Amino acid sequence: MKKNIITISREFGSGGRTIGKKVAEKLGIEFYDRDLIRKMVEESGLKEKYVEQYAEYAPSADRFAYSFVGLGEETVSPLMILWEAKKKVIQEFAQNSACVIVGNCADYILKDRDDCLKVFLYADEATKEKRIREIYGEVGLKQKNHVHDMDVKRGINYNYFTGQEWGRAQNYDLALNRGSLGIDKCVELIIEAVK
């Protein structure tokens with residue numbers, strides 16, 4: 001079956017946003033990244049800054065970041081409101097047209113769709129740190145800490161809301177090492193896998 005939806009989960013600094021955008025352009029399909037934030041704000045009624053900060057990241061890099069937030073239908077915390085809005089928005093985007101969706105547990109939210117290709121991008125520390133230096137201008141220990149903390153926060157968030165381990169190959173259809181393959185080869189391989 002042809003894959004109409006591509007979800008891209010990625011380590012911080014692995015180039016997932018760039019790769020996703022290139023894949024969408026080459027396939028002539030929609031690309032959702034920042035649009036997710038805007039729609040989640042509309043759907044949830046939460047402030048944009050809150051959504052940007054917590055849609056994909058745990059509040060801290062501490063494994064107990066969600067200790068006092070309960071999952072369940074009776075929970076009405078802002079994080080649970082955001083999770084419900086995220087699910088609704090991602091499902092609507094996937095229902096409306098062929099698209100690439102970056103991050104936000106989209107792979108898990110769309111796991112039951114046969115037309116969804118779930119991709120995970122990772123890279124070695126040197127590759128990620130180089131990209132962060134190029135994009136944010138960070139160097140040294142600050143740069144290393146930023147890369148590490150963002151990946152830990154993504155992992156905690158993903159695990160909390162999905163019950164799965166973020167980055168575990170079994171959760172994805174395709175796991176690519178952007179560090180050794182490069183951006184263009186990753187784009188090529190994802191497009192090939194879609195066919």
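Let's start at K111, which sits in the loop that runs between helix 5 (106–109) and strand 4 (116–122). This is a predicted model, and in it K111 counts as partly exposed because its relative accessibility is 38%. Leaving aside residues up to four places away in sequence, K111 touches K118 and Q164. The fold also brings K111 and Y172 to 9.3 Å from each other, C-alpha to C-alpha, although 61 residues separate them in sequence.

Now turn to helix 2, residues 34–44, where L36, I37, M40 and S44 are buried. Viewed down the axis of helix 2, these buried residues fall within an arc of 100 degrees, so they line one face of the helix. What do the buried residues of helix 2 pack against? Their partners are strand 2 (30–32), helix 3 (48–54), helix 4 (78–96) and strand 3 (99–102). After helix 2 comes G45, with a positive phi near 80 degrees.

Helix 2 also brings us to the charged pairs. The whole structure holds 18 salt bridges. One of them joins R34 to E52, with the closest N and O atoms 2.7 Å apart. Since R34 lies in helix 2 and E52 in helix 3, this pair ties together parts that are 18 residues apart in sequence. R34 is partly exposed, at 47% relative accessible area, and E52 is partly exposed too, at 34%.

Another salt bridge pairs K128 with E11, the closest N and O atoms being 2.9 Å apart. This one links distant parts of the chain: K128 is in helix 6 (residues 125–136), while E11 is in the loop between strand 1 and helix 1 (16–27), 117 residues away. Both K128 and E11 are buried.

In helix 9 (residues 183–194), E188 and K185 are three residues apart, which means about one helical turn separates them. Their side chains meet in a salt bridge of 3.0 Å, N to O. E188 is partly exposed, at 45% relative accessibility. Looking across such pairs, salt bridges with shared partners join E11, E125, K128 and D151 into one network.

Finally, look inside the protein. The largest cavity holds about 80 Å³ of space. Its lining includes S9, R10, E56, N104, Y158 and W166. Which helix gives the largest share of that lining? Helix 7 does, with three residues. By class, the lining has three nonpolar, four polar and three charged residues.

Conventions: Residues numbered from 1 in each chain as written. Predicted model: local features only at pLDDT ≥ 70, side-chain atom pairs only at ≥ 80, totals over all residues. Heavy atoms only, no water. 1 Å grid on protein atoms, 1.4 Å probe; cavity = no way out; pocket = protein on both sides within 12 Å on 5 of 7 lines; lining within 4 Å. Points joined across faces, edges and corners; volume = space filled by probe spheres on them. Helix = DSSP H or I, 4+ residues; strand = E, 2+ residues; numbered from the N terminus. Nonpolar A, V, L, I, M, F, W, Y, C, P; charged D, E, K, R; others polar. Buried < 20%, exposed > 50% of the residue type's maximum accessible area, 1.4 Å probe, protein only. Contact = heavy atoms within 4.5 Å. Arc of directions from axis to C-beta. Salt bridge = Lys/Arg side-chain N within 4 Å of Asp/Glu carboxyl O.
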